[in-house]
Structure formats: structure tokens, C-alpha cells
Amino acid sequence: MVDPKAQHSPNIVLRRIQPSDLEVLERIHGELFPIRYESEFFHNVVNGRDIIAWGAVDRSRPGSQNDELIGFITARVVSARESEIGDLLRYDSSSIEQVLVYILTLGVVKAYRNHGIATELIQEVINYASSILTCRGVYLHVIAYNDRAIRLYKTMSFKCVRRLQNFYYIKGQHYDSYLFVHYVNGGRSPWSPLEIVTTVAMYVRSLFKSLAIRLWKREEKKLSRWPKCKETSGLLTTQNKRLLTIESAGCQYV
Ligand SMILES: CC(C)(COP(=O)(O)OP(=O)(O)OC[C@H]1O[C@@H](n2cnc3c(N)ncnc32)[C@H](O)[C@@H]1OP(=O)(O)O)[C@@H](O)C(=O)NCCC(=O)NCCS
């Protein structure tokens, strides 16, 4: 593997993954992940069958290496309702089906880490997701001990929404997973527990306030009517008639 620090400054370019990437893509996945992926997965990635994928290459490398993958991201568009996070999304009233982009794999070879390549790859997926009007977010699973990746997702405004017990089974051992979401196009869940409590509290407060105002007005009316009646008894009938007319017009009984 070429060390980019030993050469002149790397010239990192992102491009879509293509059939000629098959061999390198499979090799890097094997080096970076403890999970084995089936050959069919790689064929689907490079041929764009139901999967969208970007690769990073270093154009400053010599010869054909200047187009060899040094990083990748693979993702799939899924139905929001059928996804694991369908319940966390804000749905609009239209009947148009909403979707999400699910990140399947992400990796950068060791020699090229901490150059912002994964950040760029994730940003590419976020931009893609944002360009789909019916898309509400980008989500992914990450193994609970992968602190480096978790820090990266948090930096990129992904929110941890779930911890899934024993999600992964690797070499005879179970591992938990975190589910991270980056909302796009206003897909954020409208009702977090804090929002529910705040909204209910505000509603109850305004209800009490309007009840108090009504009671206070009624009391004020009572107080202001009787002294007038006493003082100007001759006008009582006329005044009450006018009052009745106004009230009944409001109630629409006549
Ligand atoms: C996780 C992984 C993809 C990160 O790749 P990366 O290219 O090193 O990530 P980035 O360079 O974008 O970000 C890493 C750090 O470099 C910093 N960085 C970003 N741009 C930078 C730049 N131009 N120069 C220097 N550092 C930069 C980031 O802020 C980040 O800092 P942090 O660790 O404090 O959050 C990589 O470590 C990897 O492939 N790991 C093995 C596979 C894996 O775990 N995949 C994720 C599965 S969910």
C-alpha cells in the first residue's frame, strides 16, 4: 500500500463505482470488515443493481493506481414505512411514498485515513438523499465499539436513535449496534418525548388561562349589570333586550 504522506500531496477525487472496481472493492472490504460479504453483493455494487456507490481515488498515484479505490461508500434506497425507523419520521399528508437512504458499507484504507475522505463520501450520500424530494433521511448501523466511526457520524449531525442488543454475531460473539440517522428534507421526527411534554404543558397552560379570563369576564358582567339596573330602572327592559339580541345572535338559536 502506498503511503500518501511519503509522496507528494494526494489528489483525492470521488467518483461513482464501476465494474472495473470489482476486485479492489472486494479486497478492501475483506481487509476492513470482520463480516464477510457474498460475491453477489460486490457484483450488485459495481453494476449499480439496487445499490448506489461512490469510490475515492488518488489521482496523484502513478500509472493505473491513480484510478484505484482507496475508499468507498455503498447505500440503498429503501421504503421509509418498511424501514426500522419508519416510526421516527415526520410524514406529510400526501400519499407519495417516502424513502430513506440506508448506508450499507463505508471504508477508507488505513494509509489514507484522517484526510476527510469518509466525511466527503458520507456528504456525497447526504447530498444524493437530499436531492430525492421524497427522501427523509440517511441511516446506518454501527457496531457499538467502533468509536472512530461513531465520532465521525456525530460530527456529521447523525443522531443516535437506537441501541440494538446483539445485532451482530461475529466469530461466535454477539455485539450491540447503534442506529444513527441524519434527517433530510424536513424528515425529523416531530414528537420527541421532550416535545410531547412541552406541547402538552403549553396546551394545559393556555386552557387554564382562557378559562380564567372567561370566568373573570362573567363575574365582571354580573357586577356591572346590577348596579345599572338599580340606578336606571326605566332602561332595564331596553338594555336587557339589547343584551339578549346580541347574545342570541352569537348563539345562532334564532
Ligand atoms: C471510520 C472510517 C471510515 C473513517 O475514515 P476517514 O477517512 O479516516 O474519516 P475522516 O478523515 O473523514 O474523519 C476522521 C477524522 O479526521 C478528521 N478530518 C476530517 N477532514 C480532515 C482533513 N481534511 N484533514 C485531517 N483530518 C480531517 C475528522 O474530523 C475526523 O476527526 P475525529 O476522528 O476527531 O472525528 C475509517 O476509519 C475506516 O475505514 N474504518 C474501518 C471501517 C469502518 O469502521 N467503517 C465504518 C463502519 S460503520
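Helix α4 (147-155) contributes the largest share of the shell around the ligand, 5 residues; helices (H or I, at least four residues) and strands (E, at least two) are DSSP runs, numbered from the N terminus. This is a predicted model, in which local features need pLDDT of at least 70, side-chain atom pairs count only at pLDDT 80 or more, and totals for chains, interfaces and linings use all residues. Residues are numbered from 1 along each chain as its sequence is written.

At least two residues of the shell come from each of β4, α3 (117-131) and α4. Among the 18 residues around the ligand, those that come nearest are V108, R113, G116, A118 and T119; a residue is near a molecule if its C-beta atom, placed from the backbone, lies within 6 Å of it.

The bridge partner of A53 in β3 is T74.

Confidence is expressed as pLDDT, the predictor's confidence in each residue, from 0 to 100. The chain has a mean pLDDT of 84, and 79% of its residues reach 70 or more. Over residues 226-254, pLDDT stays under 50.

Technical notes: Pairing = 2+ DSSP bridges. Contact = placed C-beta atoms within 7 Å.
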